[in-house]
Every structure is written in C-alpha cells, then in structure tokens.
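Please keep the sequence and the structure at hand while reading.

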Amino acid sequence: MSDLTPLPHSVERWPGLMGQLLVADTTTRGRLPERVRRQVTRQQDATERLVGWVQLAVVAVFGALYWLSPKTFEAHDTFQPVPYALAAYLGFTLIRLAASYRTHLGDWFLYLSIVIDMALLFVLIWSFHLQYEQPASFYLKSPTLLYVFIFIALRALRFEARFVLTAGLAAAAGWAVLVIYVVTVNPEDPMITRNYVTYLTSNAVLLGAEFDKIISILTVTGILALAIVRARKLLVSSVAESTAANDLSRFFSPEVADRIVQSEEIGVGAGESRDAAILNLDLRGFTPLAQQVAPDAVMRLLADYQAEMVPIVRKHGGSIDKFLGDGIMATFGASASTDSYAADALRAVEEIMVAARAWQARLAAGGRPCVPVNAAVACGRVVFGAVGETDRLEYTVIGEAVNLSAKLEKHNAALGSRALVTRHAYDTACQQGYRPAAPIQELPGARIEGVGQPVDVVRLA
C-alpha cells in the first residue's frame, strides 16, 4: 500500500453520482400525493425521535468506554478534553431530542444536526492525542472512526437519500481535515511513511490508508443512498397502488376493485360464466318528483337513498354493479362465486324493505319529499367480465336474468307491489336455506312487459 494510492475511477465520478442520487431522491419525493406526504412526514418525525434516542445511547456508550478504559496518564498532570467533548455532544443530543418531540424538525435543522454530529465526533477523535499526550497522528489509529457509519446509517431511517449523502460527505470531509491537520501541524516532521509495517507499529502516517478510509466512507454512503432511492421508488409505487386500490373501492365494489388490482392484465373479451342473482332497486315516482323540487334536494335525496340501501346490499354479500339514476343494480355471486347467492339476495330484499319504510318515515317527519323503494330479483346463468374499448372498460354482468330483473322491477308499478322475485329465484333461495320472514303471494303466469313468455312470480312485499 502506498501513500500515493490513486483514487479509483468510480470515485472520480462521485460529484456527478451524488448529484444524480439527489435529483432522483427529489423527483421521487415530488411524486408523492399530498395526503401521502403528510403521512410520510409524521413517520419521519417519529424517525427523528428514534434517531435522537439512538444517538443518546451512543453518547452513553462513549462515556462508559471512557470511564471504564484504563488511563495511561496521571489525571492531575494532563488536560482531559474528552469529558468536555462528550458533555457538549450530550447537551446537543438532548436539545435535539427534546425539539423532535415538540415540533417538526425542518430540513435546515437536520442538515445542521448532521454537521454538528460529525463535528463533535471528529473533535472527540482529535482530542485523543491531547488526552494521551501523543503526536497528532495518534488519533488516526482510533477505532472511534467506525462510529461515523452508525451516524450515516441512522440517516437512512428517514428514507431520504439527501440526508445520507450529507452525512457521508460530512464524514469524509471531517476525516480529510484531520489528515490534513496531521500533515501540516508539524511540517518539519510530518511523520509520513510508505512502509506498511512502520505505519502499523508506530504513529507514522500512511496517506494511502487514510485515502482508503475516505473512499470506504464515500462508498458506503453511495450504496446506502442508491438503495434508498431504489427502495423509495418501490415505496412510491406501492403507495400509489394502495391509494389507487382504495380509490377504486369508491367506484367499484370491493370484489371488483380487488380483481382489477390483482389482475396482470384486463382485456375485453374475457369473461366468466356462473350462476348469480340480480337485484334491481328503484325509487317509484322519482322522475316526476325530480321535476318538482330543487336540484340540490334531488341529489340529497339520491345520496340518502343510496347511503341507506348500499350498505345492506354489501352486508349480504352483494356487489354494486352500477347506479342508474335512481336505480341500483347489484349482483350476488357474479363477481365472486358463492353457494348462497339467491338466499343472500332475498335476505337483502327483506332488510331493504324494512329499512326503506323507516327511511320514508324519517323523511316524512322532516317534511322532505319521499317516494317508495321497489325491488326485484331474478337469478340464472350470467357472464361476468369487462366490456368497453381499450381506454374505457367496465365490469358488468350479461344474461337473461339481468334483463328479467330490470323488467320485473318495473312490474311492481303495475301490481302496486314493493318487492317481486321470480319463482325460480325464490325456490333456489329456499334450497340455499332462505326462509321468508312474512307470508308471500304466489303469482303464476304473470305477464311482464317486454318478456315474451309468462313468468311465475313471488311477491315478497
């Protein structure tokens, strides 16, 4: 090893690499949604408190090692700077820890904190040659230098490469200053050697070894920063997907949202065939009412109606397929296969009828306009899949039961009923464990507008 050891080619490119890492880190932070940034900030505040406690532990370790280590000097004959350096470091650490609990630490404070941390550490290392009355080169052999890697690694807890880079650059600069001090403090006898054995067995200085230490600090810093930038990109991607999944759940049923998130690729033309029940809900007389009241009252009525009905549908395992003005179309067993799709649908209808009457009563008591809720259920084989074109897809169900349910719902107005189901849906539900809560009315051979053949129908309400 030589004092003229050349710097590796990769080290010559450090300024450019550091800049690229900083740009990548800043760009990644800029992509985070505001609500995610607020959450990240709260997490980083907690991280700063953790960093403060770790640094307090480091100070305690320094102090314990100092007091327990054997001294090679007489205490009353020498200046002891180590206790003063430790006291200063302890004071700053306590101030920083207290500040982290009281407020959000700004970037300027964090940069200042990193510089002060490194400065106090290197002052402590520098003071060793005074403590032990040795030449300045004595402190270059101090293993305390290894603590800089702890301080650099602590900055990684924030998941921001810029603070890791700052810590690494501060550490490399600090050690370079100590080396320069050794070489220049006594120009007549700089104690520089090219002999590795002499370097290890004396206070001589091997510049190549000191360069190696600086290169090691920079390399570890670069690797950590690169890892953080890459991990942060994955974090942003994961947060974006999680946010998108949560947002999808507001526009689709949870089952459909999960299917979209977990699918490798969603394309038109792929569908699944299964037995399912189709429920259609509608507000009878809503269109004339909407023409008589203010627009905001119309929208408020729709919002209240959907807020009352949708939770009941989902409670019984239903999936909202679409909102059609005042109509709600839901499926049971279409997006996720189930053995109780018909029974679940009829139980949902029964609860909806009870909830609808209570909702109407509350509206009437408040002097607000109200209309009754109609429901209809049909079941059979349906196809569930994505329809549309490349840039606009929609999950839906297709089949005879879908059309029959919609037409059966309109048949409520003709009969003056509130809830109708096909005989097939009723029998299937009974086979799946459904028992009606109230007496039913059988309507065999009902003529339903738009349906060519008579349909056996059961009136639930």
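## Cavity and pocket linings

Helix 3 (34-68), helix 4 (81-102) and helix 6 (128-131) each contribute at least two residues to the lining of the second largest pocket, in what is a predicted model. Among the elements, helix 3 gives the most to this lining, with three residues. The pocket itself has a volume of about 330 Å³, and of the 17 residues that line the second largest pocket, Leu65, Phe128, Tyr132, Ser142 and Thr144 are the closest to its centre.

The structure holds one cavity of 30 Å³ or more, and the volume of the largest cavity is about 50 Å³. Its lining is made up of Gln55, Ile114, Asp117, Met118, Phe151, Leu154, Arg155 and Ala167. Two elements, helix 5 (107-126) and helix 7 (147-155), are the ones that give two or more residues to the lining of the largest cavity.

The table sets out the two sites by volume and by the classes of their lining residues.

| Site | Volume | Nonpolar | Polar | Charged |
|---|---|---|---|---|
| Largest cavity | about 50 Å³ | five residues | one residue | two residues |

Which residues of the largest cavity's lining can be named for a closer look at its classes? The lining includes Asp117 and Arg155 as well as Gln55, and by class it has two charged residues and one polar residue beside five nonpolar ones.

Methods. Residues numbered from 1 in each chain as written. Predicted model: local features only at pLDDT ≥ 70, side-chain atom pairs only at ≥ 80, totals over all residues. Heavy atoms only, no water. 1 Å grid on protein atoms, 1.4 Å probe; cavity = no way out; pocket = protein on both sides within 12 Å on 5 of 7 lines; lining within 4 Å. Points joined across faces, edges and corners; volume = space filled by probe spheres on them. Helix = DSSP H or I, 4+ residues; strand = E, 2+ residues; numbered from the N terminus. Nonpolar A, V, L, I, M, F, W, Y, C, P; charged D, E, K, R; others polar.
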